[in-house]
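Please read it beside the coordinates.

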Amino acid sequence: MRKLKYIYNTNRQAPIALMDQAVVSGAGFITGVLLARFLGLSSYGVFAMSWLVVLFFGSIQQAFIIAPLQTLLPKKEKEEKDAFLNMMFLQQLLFALLVAAITYLFCRFSTVMFFDSLELRSVEIIMPLAVLTYLMNEYFRKLFFVEGRSRTALVLDLISYSTQIVGLVAVAYLHQLNLQRAIIIIALSNSISSTYGLLKTKSLQWHFQEFGTHLRETWNYSGWLIGTSLLQWFSGNFFIVTAGGILGPVSVGAIRMAQNIIGVLNILFLAMENFIPTNAAKIYHEKGLKNLYAYLRQVMLLAGAATFMLILSIVVFSSQIIDFLYGHDYIKYENVLFGFALLYLFVFTGLLLRFFIRTVEKNRDIFISYVLSAGFSLILAAPMVSTFGMAGVFAGLIVTQIIVQVWYLYSLKSELTIVWK
């Protein structure tokens, strides 16, 4: 009972974090359905390409802003925390403004040099605002979780995604929804929630002369993570891209179908990202390495049981799930879903090891692990896919996970030796 009480007290944010991630993931799914249904495949494809820009900068923000916020803030003394938060907000604001400017130049350059599309030209003004508001909304969301204000984070996302869905449905009902209006609605909904986040933020006092010191501190922590996020972005899906080139578009469609189904686990994984890094950093700072290991071991047992049960349920009822969501003709791709189910077991164990690595600030080893896995993908993706087909795709994805995790364990050998003794 004492252990259960300890687990509850150190993970009180977990239920709300799960609710929040369910809101975010559910709203993302509904938004995708609405846009695909009312924009048509051509316009929806342009939207998807445009939104890749947002997600790309979001991955950099995770490394450059969110990860230092989650790990460095809990280690600060009480009198240092307000100053650190003020500097983090300034860093976030400058980053978001810079990214908005880069997005405008990218859209302008793309329409002139590559995609002479009226639809893409129609959003080159609004896309920078969409990127800016998305990044600010994501910052406030993570900030509230770090500060232990999970209910405020949940309200923030309810405001953002409810206004977004209501706006899309209303405009679609009037038969006025197009690509430009869709992005405007998304940008406006994030603007409303970001305004709420700003109002709920503590008073801001900026001392620009201290910003250089702060930036060096966060860069020393996040430099390797930024390189890692870029490696993940460009090489994480290389086996899937290769499958499209060698096996054809049908294979990519089957992979996307399976990803959508198994993606329910992302609710759990992303919810864990909202509170475990902060809790782990606090425990490591206040109680040391052994207690950090004990905490992550307990999380692995509890979250691992939930992950295994979800995967088992998907595997057992795979044909019924595919038939219900996509139709009877797609059941023949059931083996693709089995491949993703096996892959996500490795994804889960890698997530816990990455929490350990980040907490003890060995982020350089995360970068090295992705250099190794990216090199493997670039060299062997084509021969594996061409020789073994879809089985080669999943074998390659699983091997990349194994390469990453073997390097994690190697880099943590000194810490693991201490706790195992």
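This is a predicted model: local features need pLDDT of at least 70, side-chain atom pairs count only at pLDDT 80 or more; totals for chains, interfaces and linings use all residues.

1. Residues are numbered from 1 along each chain as its sequence is written, and side-chain values use heavy atoms, without hydrogens or water.

2. The protein chain has 17 helices and zero strands. Both are DSSP runs numbered from the N terminus (helices H or I, at least four residues; strands E, at least two).

3. Of its 421 residues, 51% count as buried, meaning under 20% relative accessible area with a 1.4 Å probe, protein chains only. The chain exposes about 20,600 Å², by the Shrake-Rupley method with a 1.4 Å probe. Carbon and sulfur atoms supply 67% of that area.

4. Helix α15 covers residues 363–388. Its end-to-end C-alpha reach is 35 Å, close to the expected 38 Å (1.5 Å times one less than its number of residues). Yet α15 bends by about 55 degrees at Leu 380, the angle between axes fitted to the seven residues ending there and the seven starting there. Pro 383 follows within four residues. Just after α15, Gly 389 has a positive phi of about 65 degrees.

5. Which helix gives the most to the nonpolar patch? α12 does, with four residues. α14 (334–359) also supplies at least two. Phe 317 belongs to the patch and sits in the loop between α12 and α13.

How values were computed: Patches are made of residues with over 30% relative accessible area and no salt bridge: like charges are joined within 9 Å, nonpolar side chains (Val, Leu, Ile, Met, Phe, Trp, Tyr) within 5 Å. A salt bridge is a side-chain nitrogen of Lys or Arg within 4 Å of a carboxyl oxygen of Asp or Glu. Buried means under 20% relative accessible area, exposed over 50%, partly exposed in between (1.4 Å probe, protein chains only).
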